[in-house]
Number of protein chains: 2
Amino acid sequence: MKIYFDCMPCFICQALEAARLVTDDEIVHEQVVRYVLKLAADLDMSQPPPAIGQQIHHLIRKLVGNEDPYRESKKRFNHLALEICRDLEDTIASSEDPLETAIRLAIAGNIIDLGVKTSIAESDIAKIITDCLTADFDKSAIEQFKNAVESAKSILYLTDNAGEIVFDRFLIEQLPPDKVTVVVRGKPVINDATMEDAEFAGLTELVEVIDNGSDAPGTILELCSEEFKRRFEQFDLIISKGQGNYETLSDKQKDIFFILKAKCPMIARNLGCEVGEMIFKRSNHTTIFQKG
Amino acid sequence: MKIYFDCMPCFICQALEAARLVTDDEIVHEQVVRYVLKLAADLDMSQPPPAIGQQIHHLIRKLVGNEDPYRESKKRFNHLALEICRDLEDTIASSEDPLETAIRLAIAGNIIDLGVKTSIAESDIAKIITDCLTADFDKSAIEQFKNAVESAKSILYLTDNAGEIVFDRFLIEQLPPDKVTVVVRGKPVINDATMEDAEFAGLTELVEVIDNGSDAPGTILELCSEEFKRRFEQFDLIISKGQGNYETLSDKQKDIFFILKAKCPMIARNLGCEVGEMIFKRSNHTTIFQKG
């Protein structure tokens, strides 16, 4: 997915918000805003939006002299997610179709995404989970996904954020462990999941977990490690979580199941859906599950 | 009022919206967006926001080769306002305090501002007018204003937009005609009122109407004609309509009554009010009327 003109104001907003979150120093805020304005003015718009996010967060980390300013946020959301997921174990175990329930909860994890917010009301979390568990769901989509999992020799599971990765465990547990490799970012960027978060979620005990060698908030293959690129090509089924991975992989000729919530008008336009919709979409560009 | 960091994304949004309104040519959209990004990157933030609006609209007019791309919008809103105001004549005539009612309707005119939107629901207009006519109102503010009008030798009435200027007629009719001079912009910019609109509203038959010699969407004195600057200094009471005039005159040491709706978070922060509040504020920085 390329950058739209409408992404420009959003880059500035996000950069300003991020700068304010990591420091109260207004000089840093100004440096960040002016840097992003300059960057955007000459931008190659054929890049995916996370390429800009990567550069913005490089600068912010450099200016504040902190390699992982979201570390505490990520920890907080990991712990919160663990608490929520403990209560959901019975839901999975007792459900008629645990795989379907696990997909629904993987979407819930992407929606709950605390990001950099400090808190989320318990009632909001409960509502999101109920919505995801009860939404209309195209049963044939589940069948397609089951068939793809069964026939795949190897499955690459691209995670998105800290906290959300705890929810992903439900879905990963439903997949054949010997086929699955989970991927996290190579270095911290925003609240994206890294190896530390995969360990916290217990994924390293279940399946192979690798990192992609990059600190882009998405999967920009050209910027990933040689090892990751090689494996990305080898795997015959990919499960991709979240907006950043969608924005960077939506044009790839691979069999990818995208699981995300459409969080902004531009991705919604790209997906042909409404903002806020839950998306479970195969990369052949046929949406096989979509719920408003 | 100076530019805040948070104004930057808004400049980009406004520029993109304006470019899209006047042409479907995506090359122009891109030129406008990139120009504004460059402009903002090196911006002197001590300027008032309308200084940027002025430059954005210079460029847009130049790129589309049209000196007044909002002409039809302005005409449409003038006619709509005339229709609405015909129905309000009785309201003024029969009201206990016609001056107070006229001030309330002058605020309504600023709120209804169609801007560049193509239409507004009749029910929305009716609600805005009812809200403005019934809102809590500090009676002492009216008294202050009446005293200021009575003791002033000369009153300068700075108008804001086309359409809105038709509503201003009610308030102008309540002022001593020999004291009042109405001011419009010197050249078209966005949907701001020019001499043509003052004529349409019938103001030229009532009082002296002059233009400020500038095409900024506000009153940037340094960019106004020498004649206007001289008169601005001579007049001892100023009535200023709308956000653009507030943003450019809020720091001036003159006796100014500002009449506007706070339309964005930054002006609300500057005024110490909520977005959407109706403001009737004297320039000594004491808000004498404010309603949520």
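Okay, let's start with a term: a residue is buried if 20 or more other C-beta atoms, placed from the backbone, lie within 10 Å of its own, exposed if 12 or fewer, and partly exposed in between. Hold on to that for a minute.

Quick housekeeping. This is a predicted model, where local features need pLDDT of at least 70, side-chain atom pairs count only at pLDDT 80 or more, and totals for chains, interfaces and linings use all residues. Residues are numbered from 1 along each chain as its sequence is written, while chains are lettered from A and ligands numbered from 1 in the order in which they are written.

So, L175(B). You'll find L175(B) in the loop between α8 (164-173) and β2 (180-184) of chain B; helices (H or I, at least four residues) and strands (E, at least two) are DSSP runs, numbered from the N terminus. L175(B) has 20 C-beta neighbours inside 10 Å, so it counts as buried. Beyond its neighbours within four places in sequence, L175(B) touches V149(B), I155(B) and V180(B), where contact means C-beta atoms, placed from the backbone, within 7 Å.

Now the two chains. On chain B, 15 residues are in contact with 15 residues of chain A. α1 (7-22) and α2 (26-41) of chain B each supply at least two residues of that side, and α2(B) gives the largest share, 8 residues.

Last, back inside chain B: where does α1(B) meet α3(B)? F11(B), A15(B), A18(B), A19(B) and V22(B) in α1(B) meet I52(B), I56(B), H57(B), I60(B) and V64(B) in α3(B).

Key:
Contact = placed C-beta atoms within 7 Å.
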